[in-house]
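Subject: Structure handover

Hello,

Here is the structure for you to look over. My notes on it follow below.

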Amino acid sequence: MSQYTRRSMLKGAALPIAGAFALPTLAAAIQEKTTPYQRPKLKITDIRTAQVLVHGPQTHVRIYTDQGIFGQGEATDAAVGAPAIIKGFRRSLIGQDPLNVDALWERMRTMGIFSGAQGGQYVTALSGLEIALWDLAGKATGLPIYQLLGGKFRDKIRMYCDTDMPDPLAPETHEKLQWVKDHGFTALKMDIDEARDPMRFDKVNWTASNGEIDRMVSWVKHVRESVPKEMDLAVDMHGRYDAATAKKVAKELEPFRLMWLEEPVPAEDIDAMTDIRQSSSTPIGCGENLYMRWGFAELLHKRGIDVVTPDIQKTGGLSEARKIANLAEAHYIPFAPHCVVSPIGTMASAHVCASIPNFLVCEWHWISRMDYWKGWVKEGEIIDKGYITVSDRPGIGVEMNEEVARRAQIPGTTWFEANA
Ligand code: MG
């Protein structure tokens, strides 16, 4: 067909459609009439939740449809109020097509602009809901989520082990670090903030004394020397200390070539974070307490961090995490998501990590909860030698083993009950 003819045909075909249909009618016509590639037709019929206490309170979300399939998602950390917030979404979602994931997310977000949709429990609840929509979209189309996100850059997702060491100098630490090495992890994270440090002279103020800073350095030195030098090490301060302390610690930790120093100060003051980052060569990571792309935009633009660490089950969900990763990529910054959720949420995170070029490493934080971790999904253990192979099954690709998960149910809460 010549270019002239094709152009003429397209022009001829487009004009009557544009003239005959208003936009919603056109969208309906495309969905209803297009053949043979018709989209699956689904309607949301119910949304239910269950609350567990494992790594903090977590809310599992299920979205049911008129076609017998349901999607599952998970929200964490700021998830205490999630069931009530999700119940508030129900009326707007029932009857909707769940495959319009981003549009439904935007509708729920804008609906809540005057009731907290800028962060916290509202966005956390929305994150769990959005992940369930993606699981549903995958199951409806028969595709893994990474495929719906544009395909994958990698098959295996590198995980780092958060080591849960209350005192890294204690004898049991050796055993724990040996376990991390034996299980093939190539990176780990440790905490150095310590409320019970005897050299802490005030119970409220978090200006670290020199004694505290020496204790922090000795902890990092001990762990650094206990694992192979090729193993990457991240250090978390949990956003507790003040700016002067953060600068001193970042400087003192320079010889250890950290993967990142996490939240040396709270996340809110971008200028403070930027100042600390510029004061030393220690890379700064931050993100688990920031929400959506707007929480990261200025911090990235001002060069306030070296690594973004959003919590996907809290910051807005899979699409939002991907947008944050893309924003970071535009500033040559890697993406290393905070992740404390069950194998369901963790595999959901793996789909995002597979779909972006600037993925560095993803958190795994269940070393002290192995019984739960191994039994939580029917597929069993999903980490092999420090990596998760992203599932090729439709949706997230793993399903809850209720017998195990229900052992963690928060007493007095309901378990995926209708209209609870
Ligand atoms: Mg942290």
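Two rings of Phe, Tyr or Trp (for Trp, the six-membered ring) pair if their centres lie within 6.5 Å. By this rule there are 12 aromatic pairs. Please note that the model is predicted.

**Aromatic pairs**

Take Tyr-64 and Phe-70. Their ring centres are 5.4 Å apart, and the planes meet at 35°. Planes under 30 degrees apart count as stacked and those over 60 as edge-to-face, with the rest tilted. The Tyr-64 and Phe-70 pair is therefore tilted, at 35°. Tyr-64 is buried, with 17% relative accessible area. Phe-70 is partly exposed, at 26%.

Trp-179 and Phe-185 make a stacked pair. Here the centres are 6.4 Å apart, with 25° between the planes. Which of these two is buried? Phe-185 is buried, because its relative accessibility is 5% and the cut-off for buried is under 20%. Trp-179 comes out at 23% and counts as partly exposed.

Ring pairs also build a cluster. Its members are Trp-179, Phe-185, Trp-364, Trp-366, Tyr-372, Trp-373 and Trp-376.

**Charges over rings**

Tyr-64 comes up again here. Arg-48 lies over the face of the Tyr-64 ring, 4.5 Å from its centre. Arg-215 does likewise with Trp-219, at 4.4 Å from the ring centre.

**A helix pair**

Two packed helices are described by the angle between their axes and the distance between the axes. For α8 (residues 210-226) and α9 (residues 243-252), the angle is about 35° and the axes are 10 Å apart. The crossing of α8 past α9 is right-handed. Which residues make the contact? From α8 come Asn-210, Ile-213, Met-216 and Val-217. From α9 come Lys-248, Val-249 and Glu-252. By class, the residues of this contact are 4 nonpolar, 1 polar and 2 charged.

**Positive phi**

Most residues other than glycine have a negative phi. Asp-77 has a positive one, near 65°. Asp-77 sits in the loop between β3 (70-76) and α3 (82-93). Its relative accessible area is 25%, so Asp-77 is partly exposed.

Lys-385 also has a positive phi, near 50°. Its place is the loop between β11 (383-384) and β12 (387-389). Is Lys-385 buried or exposed? It is exposed, at 61% relative accessible area.

What does Thr-315 touch, beyond residues up to four places away in sequence? The contacts are Val-123, Ser-127, Leu-290, Tyr-291, Met-292, Phe-296, Pro-310, Glu-320 and Ile-324.

*Gln-72.* This one lies in strand β3. Gln-72 is buried, at 3% relative accessibility. Apart from neighbours within four places in sequence, Gln-72 is in contact with Val-61, Ile-131, Ala-132, Asp-135, Lys-139, Ile-344, Ile-396, Val-398, Glu-399 and Met-400. Gln-72 and Ala-348 are 276 residues apart in sequence. In space, their C-alpha atoms are 9.9 Å apart.

*Thr-141.* Look for it in helix α5 (residues 120-141). Thr-141 is partly exposed, with 34% relative accessible area. Leaving out residues up to four places away in sequence, Thr-141 touches Pro-40, Leu-99 and Leu-148. How far apart are the C-alpha atoms of Thr-141 and Pro-394, which are separated by 253 residues along the chain? The distance is 7.5 Å.

*Gly-412.* This glycine is in the segment after α16 (402-405). Its relative accessibility is 86%, and the cut-off for exposed is over 50%, so Gly-412 counts as exposed. Gly-412 and Thr-282 are 130 residues apart in sequence and 45 Å apart in space, C-alpha to C-alpha.

Best regards

Technical notes: Residues are numbered from 1 along each chain as its sequence is written. This is a predicted model: local features need pLDDT of at least 70, side-chain atom pairs count only at pLDDT 80 or more; totals for chains, interfaces and linings use all residues. Side-chain values use heavy atoms; hydrogens and water are left out. Axes are lines fitted to C-alpha atoms, for helices over the stretch in contact, and angles run from 0 to 180 degrees between N-to-C directions. Helices (H or I, at least four residues) and strands (E, at least two) are DSSP runs, numbered from the N terminus. A crossing is left-handed if the near helix is turned anticlockwise from the far one by less than a right angle, and right-handed if clockwise. Contact means heavy atoms within 4.5 Å. Ala, Val, Leu, Ile, Met, Phe, Trp, Tyr, Cys and Pro count as nonpolar, Asp, Glu, Lys and Arg as charged, and the others, Gly among them, as polar. Buried means under 20% relative accessible area, exposed over 50%, partly exposed in between (1.4 Å probe, protein chains only). A charge sits over a ring if NZ of Lys or CZ of Arg is within 6 Å of the ring centre and within 35 degrees of the ring normal.
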